[in-house]
Amino acid sequence: MIKGLFVTDPLSRAFAALADPTRRDLVARLAADGDATVGELAAPYDVSVQAVSKHLKVLEDAGLVSRTRDAQRRPVHLEAEVFDLMTAWIERYRREAEERFGRLDEVLAAMVSTSSTTESSGSTTEGAGSTTEGAGSTTESSGSTTEIREGEAS
Amino acid sequence: MSRTTTNQTRIEADPDLPVIRIVREFDAPPERVFRAWTDPELFVQWIGPRSIDTTIERWDARTGGEWRYTGSRDDFSMGFWGSFHEVRPSERLVQTFSFDGAPDGVSLETMTFEPLEGGRCRITGVSVVESLEIRDRILASGMDVGVNEGYEKLDELLARDA
């Protein structure tokens with residue numbers, strides 16, 4: 001599930017950049033009000049322009065904002081596409097959970113037809129070699145177990 | 001007429017706390033869902049992806065008990081372990097969760113089972129980790145698994161069944 005915990009890819013950097021409340025606030029304001037200069041962004045805060053600049057640098061390195069190269073104003077621009085990508089990424093996590101719960105649905109459905117025989121089985125195991133072998137057959141029969149489940153529920 | 005495919009998983013990441021909330025409904029009463037969660041023979045059938053063999057090494061699903069299992073595929077294996085902090089049948093399950101990849105990391109997982117009408121139930125899981133940074137990395141890890149597990153194949157399979 002979390003084998004990729006320590007990869008330092010662009011998207012992880014984006015998530016990490018947003019772990020700071022000031023940076024999240026900066027992003028929220030850019031999203032609401034559009035492009036703004038560092039000075040404009042720093043105005044409401046009780047910190048120096050330099051400190052806000054530092055936060056913006058982190059956001060920039062993470063690809064969340066960009067600075068236009070022309071003119072002295074150099075307004076900060078929010079990169080909306082990166083946020084779409086982040087949403088997509090959380091959606092991957094959600095789908096992974098969904099897959100797991102889909103398997104649980106099948107186990108629950110199968111339990112209805114076998115509940116009389118497994119009801120007494122204990123929940124304490126020492127070194128038992130239970131494996132997921134045979135899970136595939138549960139999938140294939142899910143159509144019929146669905147009917148059994150619905151019949152039982154009524 | 002309820003079909004299992006209508007039970008969508010909801011994920012919420014709190015903006016200010018290192019927490020992941022997960023909510024899902026099941027077409028089964030809390031007793032049965034709780035049993036699928038605590039009976040090791042049932043648990044191994046759904047916890048891991050189909051391509052991974054899950055082997056339970058320790059499993060004492062009582063308050064104060066411990067658990068450990070290994071997931072393996074080909075030459076790769078990963079151990080997961082923790083304690084059963086509280087086992088309140090059909091209502092509440094509190095566990096700690098650690099894994100070989102980050103042995104100093106620990107997540108506190110609280111699962112509540114709430115009965116719904118028609119013999120159904122809603123589970124709400126709350127995972128608390130050490131920092132927002134770690135939480136976000138966990139959320140981001142979905143991509144890695146997705147690629148490894150070949151979601152494309154799964155998509156094909158699902159499309160064929162539809």
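The following dialogue discusses how to read a predicted model of two chains, A and B.

User: Which elements make up chain A, and in what order do they run?

Analyst: Chain A of this predicted model holds seven helices and three strands. Starting at the N terminus, their order is α-α-α-α-β-β-α-β-α-α.

User: How many helices and strands does chain B have?

Analyst: Chain B has five helices and eight strands. Along its sequence the pattern reads β-β-α-α-β-β-β-β-β-β-α-α-α.

User: Where in chain A does pLDDT stay under 50?

Analyst: The general idea comes before the case. Where pLDDT is low, the predicted coordinates should not be read in detail. In chain A, the average pLDDT is 70, and 62% of the residues reach at least 70. One stretch with pLDDT under 50 covers residues 116–123 of chain A, where the model has six contacts beyond four places in sequence. Another covers residues 125–154 of chain A, with 47 such contacts in the model.

User: Which residues have the most contacts inside the largest nonpolar core, and which elements supply it?

Analyst: This core has 30 residues, and V107(A), L108(A), V33(B) and A36(B) have the most contacts inside it. Elements that each supply at least two of its residues include α5 (80–118) of chain A, and α1 (30–38) and β5 (76–88) of chain B. The largest share, seven residues, is supplied by α5(A). A second, separate core has 25 residues, among them L18(A), V76(A), L78(A) and I20(B).

User: How is the packing of helices α2 and α4 of chain A to be described?

Analyst: Two packed helices are described by the angle between their axes and the distance between the axes. Here, the axes of α2 (residues 21–33) and α4 (residues 49–61) of chain A come within 10 Å and cross at roughly 75°. Therefore α2(A) is roughly perpendicular to α4(A).

User: Which residues make this contact, and of what class are they?

Analyst: From α2(A) come T22(A), R23(A), L26(A) and V27(A), while α4(A) contributes H55(A), L56(A), V58(A) and L59(A). By class, the contact has five nonpolar, two polar and one charged residues.

Notes
Residues numbered from 1 in each chain as written. Chains lettered and ligands numbered in written order. Predicted model: local features only at pLDDT ≥ 70, side-chain atom pairs only at ≥ 80, totals over all residues. Helix = DSSP H or I, 4+ residues; strand = E, 2+ residues; numbered from the N terminus. pLDDT = per-residue confidence, 0-100. Contact = placed C-beta atoms within 7 Å. Core = buried A, V, L, I, M, F, W, Y, C linked by C-beta atoms within 7 Å. Buried ≥ 20, exposed ≤ 12 C-beta atoms within 10 Å, placed from the backbone. Axes fitted to C-alpha atoms, helices over the stretch in contact; angles between N-to-C directions. Parallel < 35°, antiparallel > 145°, perpendicular 65-115°, else oblique. Nonpolar A, V, L, I, M, F, W, Y, C, P; charged D, E, K, R; others polar.
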